[in-house]
Amino acid sequence: MVALLAAAALVGTPAVAQSGVGANYRWLTFAVFAAVIALTMYVTYLAAKRVRSVADFYTAGGGVSGLQNGWAIAGDYLSAASFLGIAGLISLYGYDGFMYSVGWLVAYITVLLLIAEPCRNIGRYTLSDILAYRNDPQKTRIVGALSTITVSTFYLTAQMVGGGVLVKTLIGINYETSVIGVGILMLAYVLFGGMVATTWVQIIKAVLLVAASIVIVVLVWAPYGFSLPGFLADVVADPKVQARVASLLGDPAKAMSAAELGQRFLEPGLYFKAPIDQISLGMALVFGTAGLPHILMRFFTVRTAVQARRSVVWAMAIIGGFYVLTLFLGFGAAHLVGSANIAAVDAGGNMAGPLLAQYIGGGPDSFLGNFMLAFVSAVAFATIVAVVAGLVLASASAMAHDLFVGVIRAGKETTPRGQVLAARVATLIVGAMSIGIGIAAKGQNVAVLVGLAFAVAASANFPCVLLTLYWKRCNTGGIVAGMLIGTIVAVGLTLVSPNLTYPKAVKAAAHKVLEADAAKRAADSEALASGDAAAAAKATKDLAALDKADAKANADLAKWANEETSFMGLEKPLFELKNPGLISIPLGFLGVIFGSLLFRDRRAEQMWNEVYARQNTGLLVSKSVAH
Amino acid sequence: MANPNVVDWDAIIRDPRFQSLHRRKSIFLWGLMTLSVVYYFLLPIGAAYYQDLFKIRVWGVVNVGLLFALSEFVVAWTIALVYSRKASQDFDKMAKEIAAEFGSSKPVREGVIV
């Protein structure tokens, strides 16, 4: 309750007006936020009474049903990046944005077929439990915990920074306050309610998210009698959409008719330029999801492999259904709000969904429009808090269960009470750390971190989990080598990739813009002088655009005036792929294979029959869950 | 660690019913897995190298690329349903039978890390 008051006070802080909800309707935003927060806090209060044992804290005592877990997985997975980001990508780049969403669903096929059920049958609380089963428990727990903390921290930082910016844009409180607000709320859920509260917060968030999306999509689509070609025909006929495509294409657009420009929005290639980048990113998504510790952890909250399977099938229905809805959210926003207006509020397009909600409700001056915006904003806020809670719980369990109980106090009996205490202390540490990182990373471009989290999960965690479950000869040496090589290669390649800012290239591009603009200016001045009214009007417009481009180029030059190299001391990228998956995933697999072949580990071999028989039959699983 | 003496794991592995479960499951799982990965990567490959095909309009303004992207959802859902149907009708029964025979009634020591 204290946290609720604190959060309400945070939200109530008067601040500079931002785009988003108008000042007259700010009270409405606070009311909707307070309602959502109050609901989740009430659930946490109920959950706190049920959290007694360490199994309650980490896995809700295994008492979650397949359907509930399906919704919770959707709530854990549909982060702000997918909720706001993909609708935004579609609204700005059309087809490519929608194509990007596909990988996020296909990823669950890997989880369903290869990972979910064996993990439920073998594991208990953490990813390292699976690795430690037949390998040296201490060594594998150390590398497993480090990798869990690495992946979760990358993901967490992206969520905290994204969340801070989002809340700031949506309701106009300052960045630091937003980050602290998200952090405190999340800590309240996890500390008091453990996995029970986290699960319910994720379920509530997923239900709200899906409900809000369905309402918006029905309102957008109904005027077309729910006809897909009818709706899209209107989108491509929209001059705003055609203008957006023209600005993306540049010179080649001049030879195209308006109809061609509109149709181009439904064709690939406006966002993804290098096919190989896209394939690399696709690999990281499809294999990385199965290695995300906070997703794996969700399978320990159900009692049997059958329930684990059911939860993935439900999750796929919800997640896939949601991404189909983003098709309408994104194209609807491009048509009704306009790509240029969306990009003006947030260059990444993250505001497409919220702005569409406002438009559908009647626009910025209407009560309903602002209510819809407030509601979607509250859902976005709940989204961030729910995902962050899952990530913190995964990191805290790696710290407390794997490192503290499993390694530091190995061989000693830690009392159940001591284990719960360790879990809560670890939660506090991770929570405080996430707030600190969130504030420290203010203004940084963190989009790359989500891709990196998936890349490390796909290159380190996924090969290790997969091979320890399915390859007889896999052993401790393989796990340690695979984890280290996968992580180091994925992180290392990203550090020398084009994702970082290379001041020399930025400055060269800025100079080029200035030179080209000077030539265009000359042409425009001639047009002005020619006396032709139409040409003069066009030239005036051109000049205004040139002024803007020049200002940006000059700002870049000033910003990087004293720097020549990237953060890593490089003048240009050493590695051309934006996502390292294509290289780092095979290397991670090779690491596990060669590590296993080079080192002998008798226990891993002897335990194979047990691992394989147990993961397929589920023997003993109910006993290891019940307490 | 769970007491290894509780269940005779080696006997399970040797059991012909387990061998048959293992074979059928492996073929089915890895087959579906290969299918889904291949079908998924056809999308970025098509979008990059077969743009002329993706641009063909087939249903009003709706083109092949858009339908193909939508078909990815249908294929993913179908694979999930096919697998879960097969598993619940087939694999679960076999696993249950084996577990019932080899599962021991002896209690496992609790409160220990597995």
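## Packing of helices α6 and α13 in chain A

In this predicted model, helix α6 (residues 95-122) of chain A packs against helix α13 (residues 275-288) of chain A at an angle of about 45°, and the two axes are 7 Å apart. Because angles from 65 to 115 degrees count as roughly perpendicular and those under 35 degrees as roughly parallel, α6(A) and α13(A) are classed as oblique to each other. The crossing in which α6(A) passes α13(A) is right-handed.

On the α6(A) side, the contact is formed by A:Gly103, A:Trp104, A:Val106, A:Ala107 and A:Thr110. Their counterparts in α13(A) are A:Gly282, A:Leu285, A:Val286 and A:Phe287. The residues of this contact comprise 6 nonpolar and 3 polar, with no charged residue.

## Packing of helices α8 and α9 in chain A

The crossing of α8(A) and α9(A) is right-handed.

The residues that α8(A) brings to the contact are A:Met160, A:Gly163, A:Gly164, A:Val165, A:Val167 and A:Lys168, while α9(A) supplies A:Tyr175, A:Ser178, A:Val179 and A:Val182. By residue class, the contact of α8(A) with α9(A) divides into 6 nonpolar, 3 polar and 1 charged.

## A:Val215 in helix α9

Helix α9 (residues 175-221) of chain A also contains A:Val215. This residue is partly exposed, because 16 other C-beta atoms lie within 10 Å, a count between the limit of 12 or fewer for exposed residues and that of 20 or more for buried ones. A:Val215 and A:Ile360 are 145 residues apart in sequence, and their C-alpha atoms are 9.8 Å apart in space.

Most residues other than glycine have a negative phi. A:Ala60 has a positive phi, near 55°, and is not a glycine. A:Ala60 is located in the loop between α3 (54-59) and α4 (66-77) of chain A. With 27 other C-beta atoms within 10 Å, A:Ala60 is buried.

A:Phe226, likewise not a glycine, has a positive phi of about 55°. The position of A:Phe226 is in the loop between α9 and α10 (228-236) of chain A. A:Phe226 is exposed, since 11 other C-beta atoms lie within 10 Å, and the class of exposed residues takes in counts of 12 or fewer.

A:Leu270 lies in the loop between α12 (258-264) and α13 of chain A.

Leaving aside residues up to four places away in sequence, A:Leu270 touches A:Tyr93, A:Gly94, A:Asp96 and A:Leu248. A:Leu270 and A:Leu557 are 287 residues apart along the chain, and a distance of 27 Å separates their C-alpha atoms.

## Domains of chain A

The domain assignment divides chain A into domain 1 (2-235 + 286-466) and domain 2 (508-559). A distance of 44 Å separates the C-alpha centres of domain 1 of chain A and domain 2 of chain A.

Chain B has 4 helices and 2 strands, and from the N terminus on its elements follow the order α-α-α-β-β-α. Chain B consists of 114 residues, of which 23% count as buried. Of the contacts in chain B between residues at least 6 apart in sequence, 68% join residues at least 24 apart.

The contact between the two chains involves 53 residues of chain B and 49 residues of chain A. On the chain B side, the elements giving two or more residues are α1 (9-14), α2 (16-49), α3 (51-54), β2 (62-63) and α4 (64-102) of chain B. The element that gives the most is α4(B), with 17 residues. The side of chain B that touches chain A divides into 39 nonpolar, 9 polar and 5 charged residues.

Key. Residues numbered from 1 in each chain as written. Chains lettered and ligands numbered in written order. Predicted model: local features only at pLDDT ≥ 70, side-chain atom pairs only at ≥ 80, totals over all residues. Axes fitted to C-alpha atoms, helices over the stretch in contact; angles between N-to-C directions. Parallel < 35°, antiparallel > 145°, perpendicular 65-115°, else oblique. Left-handed = near helix turned anticlockwise from the far one by under 90°. Contact = placed C-beta atoms within 7 Å. Nonpolar A, V, L, I, M, F, W, Y, C, P; charged D, E, K, R; others polar. Domains from an automatic or database assignment.
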